[in-house]
Amino acid sequence: MTSDGGDADRDTNQETDATAGDRDNAAAKRFPVAAQTGERGDVTDNGDRNRREGERGWNDRGPKRRDEGHRGEDRGGDRRRGGDGGRTPGGRSMDRRPPRPEEPDLPDDVQASDLDLTIRRDLLSLDKGNAETVARHLVMAARLLDDDPGLALAHARAARQRAGRIAVVRETAGVVAYHAGEWAEALSELRTARRMSGGSGLLAVMADCERGLGRPERAIELGRSEEARALRGDEATELRIVVAGARMDLGQYDQAVVTLQTNDLDPARTGSAAARLFYAYADALVAAGRTDEGLTWFLNAAAADLDGDTDAEERAAELTGDA
């Protein structure tokens, strides 16, 4: 089935709630994108929680690149197959769709082949020229995510306008909107992607969007859902961290501590996921008035944090008066 991507689905359930002002700075701290194997990263939810993007096919170094040419790209809008599209004898276009919004420029060195092959395969239902343009916008969204999330979002939106019936495009738009602090848009796009592709989707990111919109109760509800119960490993852990953060938003500090008490709280563990879990647990303990235990777990987080993802050492120093 061929599509020119110009009739992107709109989620009729678009959230319109105002974002919580005290979360505007949270989007500035986030973890790198998951590896191209599809591995999901963690979301850390603490006082100044780091945010994560779990989009498949991307990593923190950007997509692989090959210097290959491209064909068929038309920034003003792709032609239909078979000619210019329907026109009346008088030359007027029969296409009654509204004009596509202006798109951000695509640098000449950005190629469709820079995008992960798995994602490019999802674009095969599009006209070739449109598929290449969509792929290039996705590449730019990944490249700009850390340095200019607003422009990254503009590229993600352009890809969505052209290929709104492709689940991975909607998911990408949601993840980029999340990093840009556009919680309502992110939630809408991720919900749409989940309806289109099935599965649990990025539940932790969706729950964190609910927190960003000032609705921690809804984040907790997601944590109780059937899909949440089916999660395992890091995906389950990251959702626990978000739900614990929602409990803290509500002043339920003891419940936040209990939420994070799993077998994964093993001080012998190391790595980014362990460090972020230990950090969230330490933060909840301190908020619950269990400062000595919190200090211990901040130190555990610092020992596990081989890549410097958290400020656990600084938090421990603050608690001991050594800051």
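This is a predicted model: local features need pLDDT of at least 70, side-chain atom pairs count only at pLDDT 80 or more; totals for chains, interfaces and linings use all residues.
1. In one of them, the ring centres of Phe 278 and Trp 297 are 5.1 Å apart and the planes stand at 65°. Planes over 60 degrees apart count as edge-to-face, so the pair of Phe 278 and Trp 297 is edge-to-face.

2. This pair links distant parts of the chain. Phe 278 is buried, its relative accessible area being 0%. Trp 297 also counts as buried, at 13% relative accessibility.

3. Trp 297 pairs with Tyr 281 too: the ring centres lie 5.4 Å apart with the planes at 80°, so this pair is edge-to-face. Because Tyr 281 sits in helix α11 and Trp 297 in helix α12, the contact ties together parts that are 16 residues apart in sequence. Tyr 281 is buried, as is Trp 297.

4. Taken together, Phe 278, Tyr 281 and Trp 297 make up one aromatic cluster.

5. The second largest pocket has a volume of about 380 Å³. It is lined by 17 residues, of which Gly 223, Ala 228, Ala 236, Leu 239 and Arg 240 are the closest to its centre.

6. Two or more lining residues of the second largest pocket come from each of α7 (216–223), α8 (226–229) and α9 (233–249). The largest share is that of α9, with 7 residues. By class, the lining of this pocket holds 6 nonpolar, 5 polar and 6 charged residues.

Technical notes: Residues are numbered from 1 along each chain as its sequence is written. Side-chain values use heavy atoms; hydrogens and water are left out. Rings of Phe, Tyr and Trp (its six-membered ring) pair if their centres lie within 6.5 Å; planes under 30 degrees apart count as stacked, over 60 as edge-to-face and the rest as tilted. Helices (H or I, at least four residues) and strands (E, at least two) are DSSP runs, numbered from the N terminus. Buried means under 20% relative accessible area, exposed over 50%, partly exposed in between (1.4 Å probe, protein chains only). On a 1 Å grid over the protein atoms alone, a cavity is a set of points where a 1.4 Å probe fits but cannot get out, and a pocket is an open set with protein on both sides within 12 Å along at least five of seven lines; lining residues have an atom within 4 Å of a point. Grid points are joined across faces, edges and corners, and a volume is the space filled by probe spheres set on the points. Ala, Val, Leu, Ile, Met, Phe, Trp, Tyr, Cys and Pro count as nonpolar, Asp, Glu, Lys and Arg as charged, and the others, Gly among them, as polar.
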